[in-house]
Amino acid sequence: MSNQNPNPNKDNEVSSPPLLEVRQLKKFFPIQKGLLSRKVGEVKAVDNVSFKLQEGQTLGLVGESGCGKTTVGRCILRLLEPTSGQIFFRGQDITNCDSNTLRSLRREIQIIFQDPYSSLNPRKTVSNLIGEALLVHGMVDNEKEKNDRVKELLNKVGLSSTYLNRYPHEFSGGQRQRIGIARAIAVNPSVIVCDESVSALDVSVQAQVLNLLMDLKEEMGLSYIFIAHDLSVVKHISDNIGVMYLGQMVEISSSKQLFTQPKHPYTRALLSALPKPFPGRKVERILLQGDVPTPINPPPGCYFSTRCPEVLAICKEIEPAMKWAAANHLCKCHLVDDRRQSNSGPPTGGERRRMDLFPKSKPDQIIEL
Ligand SMILES: Nc1ncnc2c1ncn2[C@@H]1O[C@H](COP(=O)(O)OP(=O)(O)OP(=O)(O)O)[C@@H](O)[C@H]1O
Ligand code: SF4
Ligand SMILES: [Mg+2]
């Protein structure tokens with residue numbers, strides 16, 4: 001086994017831990033009924049999700065509505081208690097951290113929501129919306145310092161510093177999202193979870209806000225988890241992309257590989273639905289039959305088996321393991337040969353380093369680190 005499944009770290013490379021690591025994360029919401037609130041079932045919103053985010057990188061998280069993207073983001077921010085699994089930040093297990101660690105974590109990991117209108121308190125001025133966190137985290141000492149810093153932040157996100165005393169309803173959707181961005185970067189975070197942050201904007205405004213996020217990433221050394229249901233939005237800004245289906249990660253790879261060599265039938269179906277960059281080139285649209293099953297009672301075997309155009313008999317009985325389809329490319333499907341079990345030989349040094357971005361796979365079990 002060890003010959004076939006070489007340890008990616010065996011050449012004693014000293015590598016720093018990833019900025020953020022999620023290991024076998026599960027979040028099940030109980031369903032309660034009756035006067036005594038008896039538990040009658042659970043919604044498997046996130047079901048065994050693992051990934052790593054390296055410093056300065058962007059991980060795109062995509063998948064249909066209800067597949068668990070937001071729940072993953074909220075668990076990372078510790079707004080939700082995971083049912084099981086672990087979350088590491090700079091190598092430290094933060095899953096059950098104390099209140100002091102949690103306070104500093106709240107500064108390090110920020111979120112930008114989809115709808116800036118409902119996420120900005122309509123009764124607060126821009127100065128308070130952006131400056132509040134500066135005071136909470138002791139980053140400014142008085143009102144003047146706060147306002148000076150807010151003016152700087154407004155300029156940084158492309159807004160006039162004269163907007164200091166305006167209220168959210170006095171702005172357009174794109175401007176409001178810029179205020180949300182200013183609020184997120186105010187406390188110099190390391191990671192920002194962007195939850196559908198551009199989905200509600202017009203296409204041209206979407207491009208402007210995406211460009212702003214990318215400029216800030218360079219300038220401030222930020223890392224993003226970029227959640228979107230639209231693959232074309234994450235394509236150009238993500239280093240790696242994870243595809244989720246019914247609470248599970250089904251494929252994760254570099255953005256380029258996912259678009260050029262998708263391995264999972266679900267990813268291929270999502271890609272076939274995108275507008276074509278070369279109208280002359282024919283790519284057949286894969287229409288998925290049936291509805292997404294309920295996360296209360298997912299199907300046995302592969303969760304995608306009820307809709308998969310390539311389903312096999314085994315798929316309805318045995319859950320596929322997450323396997324290495326190639327270097328830097330994991331896929332949870334019976335059709336994929338584990339790259340490290342195949343005849344293609346052990347990965348090269350460069351491949352090993354890239355593989356280390358993601359957890360190791362084992363052939364007969366669900367992903368285990
Ligand atoms: N507090 C909750 N209680 C019970 N079920 C929940 C709760 N929050 C989310 N869910 C369920 O968990 C599943 C995943 O929800 P989540 O919001 O994470 O999906 P999503 O991928 O972000 O969807 P969307 O693209 O529509 O935002 C859904 O079935 C949802 O109904
Ligand atoms: S395991 Fe089977 S059902 Fe699931 S995606 Fe692969 S081929 Fe389709
Ligand atoms: Mg969501």
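Select α1, residues 69-76. Buried here are Lys-69, Thr-70, Thr-71, Val-72, Gly-73, Cys-75 and Ile-76. A residue is buried if 20 or more other C-beta atoms lie within 10 Å of its own, exposed if 12 or fewer, and partly exposed in between, with C-beta atoms placed from the backbone. Seven of the eight residues of α1 are buried, so the helix is mostly covered. Helices (H or I, at least four residues) and strands (E, at least two) are DSSP runs, numbered from the N terminus. Just after α1, pick Arg-78: its phi is positive, about 60°.

A word on the model and its labels. It is predicted: local features need pLDDT of at least 70, side-chain atom pairs count only at pLDDT 80 or more, and totals for chains, interfaces and linings use all residues. Residues are numbered from 1 along each chain as its sequence is written, while chains are lettered from A and ligands numbered from 1 in the order in which they are written.

**Ligand 1**

Now show ligand 1. Which residues come nearest? Of the 13 around it, they are Phe-29, Ala-45, Ser-65, Thr-70 and Thr-71. A residue counts as near if its C-beta atom, placed from the backbone, lies within 6 Å. The largest share of this shell, three residues, comes from α1. Both β2 (38-53) and α1 supply at least two residues. By class, the shell has five nonpolar, seven polar and one charged residues. Nonpolar means Ala, Val, Leu, Ile, Met, Phe, Trp, Tyr, Cys and Pro; charged means Asp, Glu, Lys and Arg; the others, Gly among them, are polar.

**The four-stranded sheet**

Select β2, β1, β4 and β5. In that order they form an open sheet with antiparallel pairing. Two strands pair if DSSP finds at least two bridges between them. β2 and β5 (92-93) stand at the edges with a single partner strand each, so one side of each has no neighbour in the sheet. Zoom in on β1 (residues 20-33): twelve bridges join it to β2, antiparallel. Leu-25 stands opposite Val-49 in β2. Bring α1 back. This helix packs on the sheet, touching β1, β2 and β4 (84-89), and its direction makes about 110° with that of β1. Contact means C-beta atoms, placed from the backbone, within 7 Å. Axes are lines fitted to C-alpha atoms, for helices over the stretch in contact, and angles run from 0 to 180 degrees between N-to-C directions.

**A helix pair**

Next, select α4 (residues 126-136) and α5 (residues 143-156). Their axes come within 9 Å and cross at roughly 115°. Ser-127, Ile-130, Gly-131, Leu-134 and Leu-135 in α4 meet Lys-146, Asn-147, Arg-149, Val-150 and Leu-153 in α5. The residues of this contact divide into five nonpolar, three polar and two charged.

Select β6 (109-112) and β11 (322-326), the edge strands of another sheet. This open sheet runs β6-β7-β8-β3-β9-β10-β12-β11, with mixed pairing. Four bridges join β6 to β7 (residues 191-195) in parallel. Ile-112 stands opposite Cys-194 in β7.

**Ligand 2**

Last stop: ligand 2. Of the 14 residues around it, Cys-302, Ser-305, Cys-308, Cys-315 and Cys-333 come nearest. The shell divides into ten nonpolar, three polar and one charged.

Conventions: Two residues are in contact if their C-beta atoms, placed from the backbone, lie within 7 Å.
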